[in-house]
Amino acid sequence: MKRKINAQLIGIATLAILLTLVSVSAIFYDLFRAQILDDLKTTAQLFRSMLNQDMDEEGLAGLVPDKLRVTLINARGEVEYDSNVSIAGLENHGEREEVQEAAKTGEGFASRRSSTLGKDAFYYALKLQKDYVLRVSRETSNLLGIFYNAVPVIVFLALILFLLCMIFAHFLTRKLVRPIEGLAKNLDSFGEIETYEELRPFMNTIYKQHEDILKSARIRQDFTANVSHELKTPLTAISGYAQLIENGMAQEKDVLRFSHEIHRNAARLLTLINDIIRLSELDSTEAVHHFEPIDLSPVAKGCVENLQMNAKKHGVSIHFQGESALVLAEKDMLEELLYNLCDNAIRYNNEGGSVLVSVKKEPKRVILSVQDTGIGIPIEHQERVFERFYRVDKSRSKSTGGTGLGLAIVKHIVAQFDARIELWSQVGRGTRIQITFPGV
Ligand code: ADP
């Protein structure tokens, strides 16, 4: 890339040098031409006034400078005098462009190749008395000639500019890529890298992605550590009880209790593993969901009915209240979400408490709310309860069969539905979790 930028900069510079030289040469040629024609005109006018004062051709010859050629042409176009060539055998000059023009208008300019001398020349012709025409001319190089003369200077200049460009390009490309190289070497030194405005957004994005990667690696690491820890407790219990029975250390009456413990811990393991699998399914970006409009009310009502028995066991009453409201979702995921919220509302409730599940249809949204009269969540924990394995009261969660993953699963499902989740809670008074679905 560096080499490419270098080459392109040098290419642009070379082109610029050539274009500048060509246009400067052309401008100078124009100025040069105007200057020469002006000189020729002054000289011709001078000669005319001298001729008017009865100077003869001999006298004129003595005055003509080396570089000039003076020609006197009569009314028939015949050359009567020429300062540089012998007039004998000279062709008729009456047809020459500048002579014709002078005959017509009094003066004429031309620049062309002289057919007499075979060189480029500028001509100025002036009409005299008796239709004589006095012509003054000067040989000159053409544009190409001037350009050729300038070639050594051009080459010299080009070389110097080329060298300057190379040095400049080198430093410029170095400056351009230095921050990128710095970032590539060590992403953590992001704050210390000097950069320029245009690169900032790019570097910010890269750094943000880097941080996101680190963060998700950390989360995954924490999650793995948590999973291992969570699995370890029931497995240790299962293994311990099984060993006691195996070694014959359990008396007849204990065997039943130990088997019950083994069963309970195995069931706990199973729920944990199910929740973990569910979370990783929801995490996977490959999963494609086919969401369709579903009436939320019957689903919520069904969930409340299914949990009636469970609620009764906890001494809690559970009710549904709501109207028909369509949301874009998948039924299984809706049931899972409702189950997790209602289950929490029952488990973290008080004896004699209640749970109200409601569905409300608003113009552009549908609101699902699960409200309980339970123990509540202290304000400092409210943000964190959606994190994996985060529990306010660990023993209560575990004793009621919690895994610490329910609300994390809820949060994931809500995100997939493009919905919003909010939580209000007051310790000792209860909790309300509200999910706002976009309307269909
Ligand atoms: P768990 O399986 O432990 O219930 P969750 O992810 O469902 O895990 O919830 C995380 C924590 O949030 C719970 O351990 C509990 O402390 C708290 N919590 C969740 N819902 C409620 C609720 N309705 N009332 C009080 N606390 C709650």
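This is a predicted model: local features need pLDDT of at least 70, side-chain atom pairs count only at pLDDT 80 or more; totals for chains, interfaces and linings use all residues.
Local features need pLDDT of at least 70 and side-chain atom pairs pLDDT 80 or more, while totals for chains, interfaces and linings use all residues. Residues are numbered from 1 along each chain, and side-chain values use heavy atoms, without hydrogens and water.

A salt bridge is a side-chain nitrogen of Lys or Arg within 4 Å of a carboxyl oxygen of Asp or Glu. The count comes to 19. One of them pairs Arg-391 with Glu-230, with the closest N and O atoms 2.8 Å apart. This pair links distant parts of the chain, 161 residues apart. Arg-391 lies in the loop between helix 10 (379-382) and helix 11 (394-399), and Glu-230 in helix 5. Helices are DSSP runs (H or I, at least four residues), numbered from the N terminus.

Helix 9 (residues 331-347) holds Glu-335 and Lys-331, four residues apart. Their side chains meet in a salt bridge at 3.5 Å, N to O. Glu-335 is partly exposed at 34%, as is Lys-331 at 45%; partly exposed lies between the buried limit and 50%. Asp-343 and Arg-347 are likewise four residues apart in helix 9, about one helical turn. Their closest N and O atoms are 3.0 Å apart. Asp-343 is buried at 12%, and Arg-347 at 7%.

Lys-208, Lys-215, Arg-218 and Lys-411 form a positive surface patch. Patch residues have over 30% relative accessible area and no salt bridge, with like charges joined within 9 Å. Helix 5 (residues 200-246) contributes three residues, the largest share.

Definitions and conventions: Patches are made of residues with over 30% relative accessible area and no salt bridge: like charges are joined within 9 Å, nonpolar side chains (Val, Leu, Ile, Met, Phe, Trp, Tyr) within 5 Å. Accessible areas come from the Shrake-Rupley method with a 1.4 Å probe; for residues, only the protein chains shown count as cover. Lys and Arg count as positive and Asp and Glu as negative; His and the chain ends are not counted. The place of a charge is taken as NZ of Lys, CZ of Arg, CG of Asp or CD of Glu. Helices (H or I, at least four residues) and strands (E, at least two) are DSSP runs, numbered from the N terminus. Buried means under 20% relative accessible area, exposed over 50%, partly exposed in between (1.4 Å probe, protein chains only).
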